[in-house]
Amino acid sequence: SSLRHSPLHEAHVARGAKMADFGGWDMPIEFPGGGVKAEHNATREAVGLFDVSHMGKVRVSGPGAAAFVNSCFTNDLTRIEPGKAQYTMCCNESGGVVDDLIQYLRSEDDVFLVPNAANATQVARLLTEAAAQRAPEVTVSDEHTQHGIVAVQGPKADEVMTALGLPVDHPDFMSFLDAQWKGHEVVVCRSGYTGEKGYELVCPWDATAELW
């Protein structure tokens, strides 16, 4: 198969998941014994776990990285502070939308971007081209396969996080903080779209299966 595999691919196949092409990645869309309604209800009433490792991960770093990113996308990073996230859009020169994405402001010199899977490479390419022209001191790194992302969503998300020893003390939506789990760096984000309180755990690619 030419489809890319998440770090949890073997775990999904072992569970008998129904797999499908999602943005060029072979991802689970349904697990046996559950189904869409059961999974929906679990997330609404208890907790749901989602593999979203297919999402893009792009880091923009170096002197003035945040100002550079701010000149490339539609939203205004100056409206948030480090430790916060913001929904934004990447447009082409004619104003058409290339992708919508979330930008995580770490510092004025470090921004972490999560574009959609199918568009991640294009977003990274456009930023790289723009940096070469306007901000050569800024580095754009496509880190798509350096991190996995596990989403923990639902009313019992805090219980799961607490059992893992991960922090739940940053209640603000669209915020994030750095944590440690079994010696691994884990970024705990709160920017999901299930309608329930939840977290996205950005962890090293090779640690994702154990975390899951």
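A residue is termed buried at under 20% relative accessible area, exposed at over 50%, and partly exposed in between, with a 1.4 Å probe and protein chains only. By this criterion, 44% of the 212 residues of the protein count as buried. The structure is a predicted model, in which local features need pLDDT of at least 70 and side-chain atom pairs count only at pLDDT 80 or more, while totals for chains, interfaces and linings use all residues. Residues are numbered from 1 along each chain as its sequence is written, and side-chain values use heavy atoms, with hydrogens and water left out.

The protein has six helices and 13 strands; these are DSSP runs numbered from the N terminus, helices being H or I with at least four residues and strands E with at least two. A compact globule of 212 residues would have a radius of gyration near 17 Å, and the protein agrees with this, having 17 Å. The radius is taken over C-alpha atoms, and the globule rule is 2.2 Å times the number of residues to the power 0.38. Along the principal axes, the C-alpha atoms fill a box of roughly 55 × 40 × 30 Å. Contact denotes heavy atoms within 4.5 Å. Of the contacts with a separation of 6 or more, 59% are accounted for by residues 24 or more positions apart.

The structure holds three aromatic pairs. Rings of Phe, Tyr and Trp (its six-membered ring) pair if their centres lie within 6.5 Å; planes under 30 degrees apart count as stacked, over 60 as edge-to-face and the rest as tilted. Tryptophan 25 and tryptophan 205 form a tilted pair, at 6.2 Å centre to centre and 55° between the planes. This pair links distant parts of the chain, with tryptophan 25 in strand S3 (residues 25–30) and tryptophan 205, 180 residues apart from it, in the loop between strand S13 (198–204) and helix H6 (208–211). Both tryptophan 25 and tryptophan 205 are buried. The rings of tyrosine 104 and phenylalanine 176 have centres 5.5 Å apart and planes at 85°, so this pair is edge-to-face. Because tyrosine 104 lies in strand S7 (residues 97–107) and phenylalanine 176 in strand S11 (residues 175–181), the pair ties together parts that are 72 residues apart in sequence. Both tyrosine 104 and phenylalanine 176 are buried. Ring pairs link Tyr104, Phe112 and Phe176 into a cluster.

Strand S7 also contains glutamine 103, which counts as buried at 1% relative accessibility. Leaving out residues up to four places away in sequence, glutamine 103 touches a set of residues including Val69, Phe73, Phe112 and Leu113. Leucine 127, in helix H4 (residues 120–134), is buried with a relative accessible area of 2%. Beyond four places in sequence, leucine 127 is in contact with Val58, Val60, Phe68, Cys72, Phe73, Leu113 and Val140.

Serine 53, in the loop between strand S4 (48–51) and strand S5 (58–61), counts as buried at 0% relative accessibility. Among the residues that serine 53 touches, again not counting those up to four places away, are His144, His147, Trp205 and Thr208. Arginine 79, in contrast, counts as exposed at 65% relative accessibility and is placed in the loop between helix H3 (65–72) and strand S6 (84–91).

Most residues other than glycine have a negative phi. Methionine 174 has a positive phi of about 65° although it is not a glycine; methionine 174 is found in the loop between helix H5 (157–164) and S11 and is buried, with a relative accessible area of 13%. Lysine 182 has a positive phi near 50°. Lysine 182 lies in the loop between S11 and strand S12 (184–190) and is exposed, with a relative accessible area of 58%.
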